[in-house]
Amino acid sequence: MRTLNPEVHAVRRDAFVDVAQRLIQAQGYEDVSIAAILEELDASRGAFYHYFESKADLLEAVVQRMTDAATATLIPVIEDPDLDAVQKFEAFFAGIARFKADRTDLVLGLVRVWLSDENAIVRDKFRKNLLTDIAPLLARIVHQGQAEGVFTTHAADETARVLVALMLGANQEATDLFIARQAGRLTFHDVERTLGAYTQAFERVLGVRPGSLAIADRATLRQWYG
């Protein structure tokens with residue numbers, strides 16, 4: 001029986017993810033076929049299915065890579081001793097927005113297909129993974145805010161999980177708004193008002209006074225919603 005070399009396996013799997021990410025960025029997920037990925041790598045269909053069960057499985061790998069990379073950029077914010085809790089909370093969301101802005105083509109390549117029924121399992125895994133990856137980071141900010149007397153919420157770990165749930169809701173809402181805005185079904189003011197409601201919800205969960213948090217600035221919203 002052949003022994004699988006884990007390092008070789010990982011490198012080869014990463015190669016599929018590399019190509020998929022590049023093609024999605026250039027063409028959009030819907031227009032990327034498994035055949036095109038195989039042609040890029042000069043690989044067999046059997047090789048693809050050795051690493052992935054389906055195209056959706058490959059999509060999950062691309063999204064997880066993005067999540068891991070985004071999370072890594074947030075660690076310096078969490079560990080910055082010169083920032084207070086409110087500054088860290090705002091910088092946390094600014095970092096996510098900047099990460100997406102730097103990868104506009106890739107995000108746009110994924111956005112329309114993200115809500116399709118065939119990717120429901122991918123979305124569910126994404127939600128669970130985000131809770132695992134992000135909630136501990138937010139909990140550290142909440143703990144700091146409690147110590148500073150800024151956040152009046154109790155139970156930092158549980159509050160962090162609620163914040164992640166709000167993040168996921170805001171992310172899906174932002175996707176719906178983007179599609180609706182592209183179709184001309186709503187105004188930029190509609191977008192501001194809807195996403196602003198999520199900022200208010202974050203403030204209530206943390207127990208800070210209304211208007212204390214600046215999460216989505218107008219310039220960032222203009223970049224995505226015109």
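Me: Before we start, what pLDDT do local features need here?
Reply: Residues are numbered from 1 along each chain as its sequence is written, and side-chain values use heavy atoms, with hydrogens and water left out. In this predicted model, totals for chains, interfaces and linings use all residues, side-chain atom pairs count only at pLDDT 80 or more, and local features need pLDDT of at least 70.

Me: How much space lies in the largest pocket?
Reply: On a 1 Å grid over the protein atoms alone, a pocket is an open set of points with protein on both sides within 12 Å along at least five of seven lines, whereas a cavity is a set where a 1.4 Å probe fits but cannot get out. Grid points are joined across faces, edges and corners, and a volume is the space filled by probe spheres set on the points. For the largest pocket, that space is about 1100 Å³.

Me: Which residues lie closest to the centre of the largest pocket?
Reply: Lining residues have an atom within 4 Å of a point. The largest pocket has 38 of them, and the closest to its centre are I96, A97, K100, N171 and A174.

Me: Which helix gives the largest share of the lining of the largest pocket?
Reply: Helices are DSSP runs (H or I, at least four residues), numbered from the N terminus. At least two lining residues come from each of α4 (55-79), α5 (85-101), α6 (104-114), α7 (120-148), α8 (156-182), α9 (188-206) and α10 (218-225). With seven residues, the largest share belongs to α8.

Me: Which element gives the largest share of the lining of the largest cavity?
Reply: The structure holds two cavities of 30 Å³ or more, and the largest has a volume of about 40 Å³. Its lining is made of A20, I24, Y29, V32, I37, K55, L58 and L59, with two or more residues from each of α1 (6-27) and α4. Seven of the lining residues are nonpolar, none polar and one charged. The largest share, three residues, comes from α4.

Me: And which element gives the largest share of the lining of the second largest cavity?
Reply: This cavity holds about 40 Å³ of space and is lined by E60, V63, Q64, V122, K125, F126 and N129. By class, the lining has three nonpolar, two polar and two charged residues. Four residues, the largest share, come from α7.

Me: Are α4 and α7 roughly parallel or roughly perpendicular to each other?
Reply: Axes are lines fitted to C-alpha atoms, for helices over the stretch in contact, and angles run from 0 to 180 degrees between N-to-C directions. Angles under 35 degrees count as roughly parallel, over 145 as roughly antiparallel, 65 to 115 as roughly perpendicular and the rest as oblique. The axes of α4 and α7 come within 10 Å and cross at roughly 5 degrees. These two helices are therefore roughly parallel.

Me: How are α6 and α8 set relative to each other?
Reply: Their axes are 10 Å apart, and the helices pack at an angle of about 95 degrees. α6 and α8 are therefore roughly perpendicular.

Me: Which residues of α8 make the contact with α6?
Reply: Contact means heavy atoms within 4.5 Å. By class, this one has five nonpolar, three polar and one charged residues. From α6 come L108, V111, R112 and W114, and from α8 come N171, T175, F178, I179 and Q182.

Me: Which residues does S212 touch, not counting those up to four places away in sequence?
Reply: S212 is found in the loop between α9 and α10. Its C-alpha atom is separated by 9.2 Å from that of Q200, 12 residues apart along the chain. With residues up to four places away in sequence left out, S212 touches V86, E90 and E203.

Notes. Nonpolar A, V, L, I, M, F, W, Y, C, P; charged D, E, K, R; others polar.
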